[in-house]
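Please look over the protein chain and its ligand before reading on. The report below is meant to be read alongside them, one topic at a time.

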Amino acid sequence: MDLFPYTLRQNQKAIISTIKNTLENRENFILESGTGSGKTICALSATLPYALEHDKKIVYITRTNSQQRQVIMELRSIYENIKEDAEIKESLFGVGIQGRSNMCPQAREDKDLKEGNSEELSKYCANEKKKARTSKKGCMYYRNFVEKKELINQTSNWVRKQMPTAEEFIEHCTKKHLCPYELNKSLVREARVVVLPYIYVFNATIRNMLFDWLGVSEEDIILIVDEAHNLPDYIRDLFSTQLSVWMCKNCGNEARNYGDPSTGSGRFSISSFCNTLEDIIRELRDTYVYNILEEGIRKQSNHQSDAFLPRNEFLNEIYSRMKLNEKKMFDIIEDLVAYGEKIQEDKQKKNKLPRSYLHKLGLFLEFWMNLTDNQYAKLSVDASDGKNPRIEAYCLDPSVGTNIINKFHSSIHMSGTLEPLEEYRDSMGLSHNTTLISFSSPFPKENRKLLYLPDVTTKYSELMKDDTIQKKMWEYITTICNKFPQNTIVFFPSYNTLSLFQRNHDFSDIKKSVFLEEQRMSQTALMDLVSDFKNQGNKLGIGATLFSVIGGRISEGMDFPSKQLEIVLIVGIPYPKPTARQRGLQKYYEMKFHKGWEYTVQAPTARKLLQAIGRLIRDEKDKGVAIILDRRAPRFKPYLKELGKSIDIMKEIESTIG
Ligand code: SF4
């Protein structure tokens, strides 16, 4: 069955045929293929016929809601292309699901609820539904969902025919006063394709709920992972946990609000226990991050933001200060969890988000105490300019959360920047017979030039020693921006380097509109900035310049088709900061795969470069030049195959886009 709705390009034929083989052999496939090469449509049109024939479900996971939207749009193209066969159409519809905080109309209108995590919202929702079933109170969206059968049928038919995006679906249901979340749950069972955020597959509780809705077993699932290069870090974060001074304060306040019960066999109050934890976290930060060995004397101030903690240090401090042992500590944890549950129940009765900080503290301490393996690093971290230090159990090994993938029928992992593919396979714990293929860009090579300048660098020691380097870099930036009337983005390796250039140089040297991405900009402000940059460049005909930071929301997620972007300047090499977290990761990968540097420094840096460069070319007609202002760029030649040394940068830009 041919479901591909466009004219097939050479690479796409190969991708589709590899996916078909993968499905036949019940294996996994890791695919790298440049942005704009049509990975989504290939994956859908290759998996759908197999899924129909063998009664499998396709679970397509994305990192962001806009990627989810893209999948539904491609599914619609396939759907619209099937002219005659109504039966096939009926059997391949797809639905997009987002978390309750996005789908629940109550949570969308209530700031507190919107900030609730999935567990808290699930409890809140269960209570609302119970009230709606047993009285006239509770959630009216749910009551309508249960009572208005005719409306539910109409809406379900509309979904099957229109295949709305999650946003369209939420809007439609909310207008009709129906719960989108509940209706989606019932539709998922019939859907062939379900598009979800990553968390639905990697959080065990949410995954179990999903499998209940789907009504199939693991081996009936074909998993497609979008933008897979994000997944290992996503899983590391998901499986990491932390306790901050801010959290301890909230625990203390919560305990006091609820009568401050005693714990530790009645020897102290919960709030004083929380105060002690707060003191210990600060002192661990002073000792290990600030390196204060004697009172008031900072032995070393090298601006490090985190440090390793000796494995038992935190617990030993608690034991010695509170005169506890392991057994007594577990008793305290039990108290915290039990009090926390009571507080959750009380808040639930009062129609509030059932959140308890004490409950979370109990679970954190239990996790920390049981943590013995080397897949985690225990860290002390300084945050919020020293105001909110924390301790953290940082997950080094994403494979702690990926066992489930090997239980699925097959999985397909796709990204525009995934090299080295072996690293992804190993990090994710996928089997060694996984198919690994990297396709080169399908677009004309002459449309994109990738160069580096050999006489500059942002290597810290050189930059600090020789101030002519920075001047030379600024000269390159201003000359290129002023000479070429094309939209240009200048990416810096960090906000620190960007501010260094801001302090030392005058941005008005650039004779066109200049836009500046600021740290912690809201998503709306950022979108406005990017849209102004695109419009301004087109309007005045002299282009605009945008200063941004590599590895951020612009370089990793925004599209600049056609003339919206033609020159990318990358100032320096975006190596990861040598934090304790990064060192721990490197050491772990060295121990496990003997590839610490390659897998945790070189590959992630190359991906950041490729993501930034990838903004330039989105289709066959796009043209662009990317220039790395750093002599160390050739180290990344295995990943940046077209990289060449610049001989005369002005002429080279002219000949490509002039
Ligand atoms: S039933 Fe729906 S609308 Fe009501 S609280 Fe639950 S998710 Fe929200």
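The report goes from the whole chain to its sheets and then to the ligand.

## Basis of the model

This is a predicted model, in which local features need pLDDT of at least 70 and side-chain atom pairs count only at pLDDT 80 or more, while totals for chains, interfaces and linings use all residues. Residues are numbered from 1 along each chain as its sequence is written.

## The chain as a whole

The protein chain has 29 helices and 22 strands, where helices (H or I, at least four residues) and strands (E, at least two) are DSSP runs numbered from the N terminus. Its radius of gyration, which is taken over C-alpha atoms, is 27 Å, close to the 26 Å that the globule rule gives for 658 residues, so the chain is as compact as a globular protein of that length. That rule is 2.2 Å times the number of residues to the power 0.38.

Three domains divide the chain, namely domain 1 (13-92 + 192-226 + 409-439), domain 2 (239-398) and domain 3 (445-657), with bounds that come from an automatic or database domain assignment. Between domain 1 and domain 2, the C-alpha centres lie 40 Å apart.

In strand β14 (residues 410-415), 6 of its 6 residues are buried, a residue being buried if 20 or more other C-beta atoms, placed from the backbone, lie within 10 Å of its own. Ser410, Ile412 and Met414 point one way from β14, whereas Ser411, His413 and Ser415 point the other way.

## Around the ligand

Of the 13 residues around the ligand, Cys104, Cys125, Cys139, Tyr142 and Cys179 come nearest; a residue counts as near if its C-beta atom, placed from the backbone, lies within 6 Å. Helix α8 (118-134) is among the elements that supply at least two residues of this shell, and α8 gives the most, with 3 residues.

Note on methods:
Buried ≥ 20, exposed ≤ 12 C-beta atoms within 10 Å, placed from the backbone.
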